[in-house]
Amino acid sequence: MTGRAAVAAVCLAVLLVATMATPALAAVAPPEPATSPQVNASDVSSRPFDLNDLRRGGTQPSAAPPSVRYVGDPDGAVAIRYRPADPLSNQPVYLEGGETLNTDDIQLYSTVFGDSTGDYDLVITYWNEETRQTENGSVAVAADQEVQRAGVTIEDGYATAPVALNSHYDESVQATMWLERDGDPVNGARWRFEHASAPASQQVQIETQADAWWYSFRTAILPGLASIVVGLSAARATLKRTGRGPGYSLATWGVVSVFGGAIVLAGLYYELAVVIANLDVLMGLSLLPIAYGGGLRMSPPTERIAFVRKELTDAVSLRRGETDKEDVDPEAVPDGGEPTSSVTDSVGLGEDGYFDELYEQLAIKTTVRAPDGRRMVPKTGIRPFFARLFASAARLDLSQLRTRVRVEGSASQKVYVDPDEDSAVEHRPARLRRRMPAWHRLPEPDEGEELSPITRGLYGLLTVATLALPLIGWYAGDAVANTPTVGAGVGLVLLALESYEAVDGTIDFEPAPRHDVTADASLTVLQGEHADAKLLEDYEEIAWSERITTALEAREVDSRRDRTLIRSFLEGEVGLSLDALGLDENAASEVDTEETEFAFDDVDPETRRAGGQR
């Protein structure tokens, strides 16, 4: 299975799961939140309240959590808590003043004792502030008022009472909430916030199974198949232009995706839900980045080329000759020979052009074969990848690699570079360069002419407007769909496209003369011959050591034989055993140096005969 087929298979598997889940999610309406026995039925009525009254918030005790209000001081207190709408939040939090509430379920958390317990009415008024023209001028009023009442029972001790708020999917509304008992507001028990229901809890109107499958086909299957085809095709076209993707590993993409998804769900869940609710085909289109990213991973195989530049210095000495920077010694003895008056008589070498090799500069570049046969030299990273999308990557012409040789190891080829160059290779990858948005489009005046102040002023205003695109997107997104962050993000992308320009990449090097490769090959041959000669010398040393060992052993055998003959002779002359005389077996070899109780030179024949007669 090829790489693109594997990516397509994964995308189809995800699409299958989404297809099977969509009808169930769409056909089965989410259950209504369980109603606690403490909460009475809610009703919606219309009653105008004064704007100044609705603007008022409650009284929060000092050092108390947000939304805490006294009820029947000092008998107890109540607070408003809620569970955030994003799926990563599991614990209820306190409602803060002026906060935007994206859920429809809240909890009235109470700690009340004594006479303050009992039945209360929780009044929630939703409204929007508008400015209206009257006979006395402009007046701010609380328009579109919607009043909701919910009866709650506050029990003795610690208790919670759930309350379901009215849903507001299309816009964000102001909300003022307070407690009443026997028709009278409880002093200080008021709360101010904004309410915008997350569309994730909004039901899809589906009546039959056929409607559910049609909804699945329209939102998941058809957009998903199109996303797979478009994503893989776009990835293939991208690789032809850029050579490879950003070059990050799967682990890196996995970590970025997990953390990025967590941040989006935690901070932008409401706006993401609004976008998906208004554009439900995004369920299937979500396969587009998966197919595109997987296709980028299927880049053609890379090849590493090493550029080698030898750093040279003036030679200190030559094997047969001297440089002009040295004093010639008339008594020099080349190669262990006899002294000669001229060290260059034996060979015809000049007086300059000889160098010692100090070190080698090695630069390894990763290349990708381009469709035109040349080699692209891409750089890892997001910014270089985007630069290659709009500009050309650095390319190597194979005709320049005339001094290359095949190697094994970390690189597959090695290119010899002219030693006179300052560096092995000059590589400037495709990059993004900043520019002043809109102002860079100011036309160049003709020679001898100047642009009019009106032209400069218009381009200046256009530049300011371009710089303000994120701010404009913020207000536009807030006004259109109550998604200011999404609007600001779109404006930021447009500003980035106008603020950067892509610059083509370049790579430059000066190949070494062709004979450098031949010289290197000849040097390799000489090194091989030197190694062979060294090996022969080692074998000769081994042979000589063996010969020496053999000679020593033969001499030792002769020495032992001589000692045996001398011992026998001495015992025959003396007529006694040398062991009886207290001499060891080495006495024969030490007869010349050790003193004995007999002086053999002083014994005459008569004495010798007398001893023999005994």
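Trainee: Which residues does Glu 180 touch, not counting residues up to four places away in sequence?

Mentor: A contact means heavy atoms within 4.5 Å. By that criterion Glu 180 touches Tyr 120, Asp 121, Val 123, Arg 149, Pro 185 and Val 186. Please note that this is a predicted model, in which local features need pLDDT of at least 70, side-chain atom pairs count only at pLDDT 80 or more, and totals for chains, interfaces and linings use all residues. Residues are numbered from 1 along each chain as its sequence is written, and side-chain values use heavy atoms, with hydrogens and water left out.

Trainee: Where does Glu 180 lie, and is Glu 180 buried or exposed?

Mentor: Glu 180 lies in strand β10, residues 173–181 (helices, H or I of at least four residues, and strands, E of at least two, are DSSP runs numbered from the N terminus). Its relative accessible area is 7%, so Glu 180 is buried (buried is under 20%, exposed over 50%, partly exposed in between, with a 1.4 Å probe and protein chains only). The side chain of Glu 180 also forms a polar contact of 2.9 Å with that of Trp 178 (a pair of N or O atoms within 3.5 Å; within protein, one must be able to donate a hydrogen and the other to accept it, and residues adjacent in sequence count only if both atoms are side-chain atoms).

Trainee: With which side chain does Ser 167 make a polar contact?

Mentor: The partner is the side chain of Asp 104, at 2.6 Å. Ser 167 sits in the loop between β9 (157–164) and β10, and its relative accessible area of 38% makes this serine partly exposed. Beyond its neighbours within four places in sequence, Ser 167 contacts Asp 104, His 195 and Ser 197. Ser 197 is 30 residues from Ser 167 in sequence, yet their C-alpha atoms are 5.6 Å apart.

Trainee: How is a pair of packed helices to be read?

Mentor: One states the angle between the axes and the distance between them. Helices α3 (residues 209–242) and α7 (residues 287–296) pack at about 30 degrees with axes 7 Å apart (axes are lines fitted to C-alpha atoms, for helices over the stretch in contact, and angles run from 0 to 180 degrees between N-to-C directions). The two helices are therefore roughly parallel (under 35 degrees; over 145 is roughly antiparallel, 65 to 115 roughly perpendicular and the rest oblique). Residues that meet include Gly 224 and Gly 231 in α3, and Ala 291 and Gly 295 in α7.

Trainee: At roughly what angle do α10 and α11 cross?

Mentor: Helix α10 (residues 469–481) and helix α11 (residues 484–499) cross at roughly 150 degrees, their axes coming within 6 Å. That makes α10 roughly antiparallel to α11.

Trainee: What is the average pLDDT of the protein chain?

Mentor: The average is 76, and 71% of the residues score at least 70 (pLDDT is the predictor's confidence in each residue, from 0 to 100). Over residues 23–46 the pLDDT is below 50, although this stretch has 42 contacts in the model beyond near neighbours in sequence. Residues 587–603 also stay under 50, with 9 contacts beyond four places in sequence. Where pLDDT is low, the predicted coordinates should not be read in detail.

Trainee: How many helices and strands are there in the protein chain?

Mentor: There are 13 helices and 21 strands, and buried residues account for 30% of the 614 residues.
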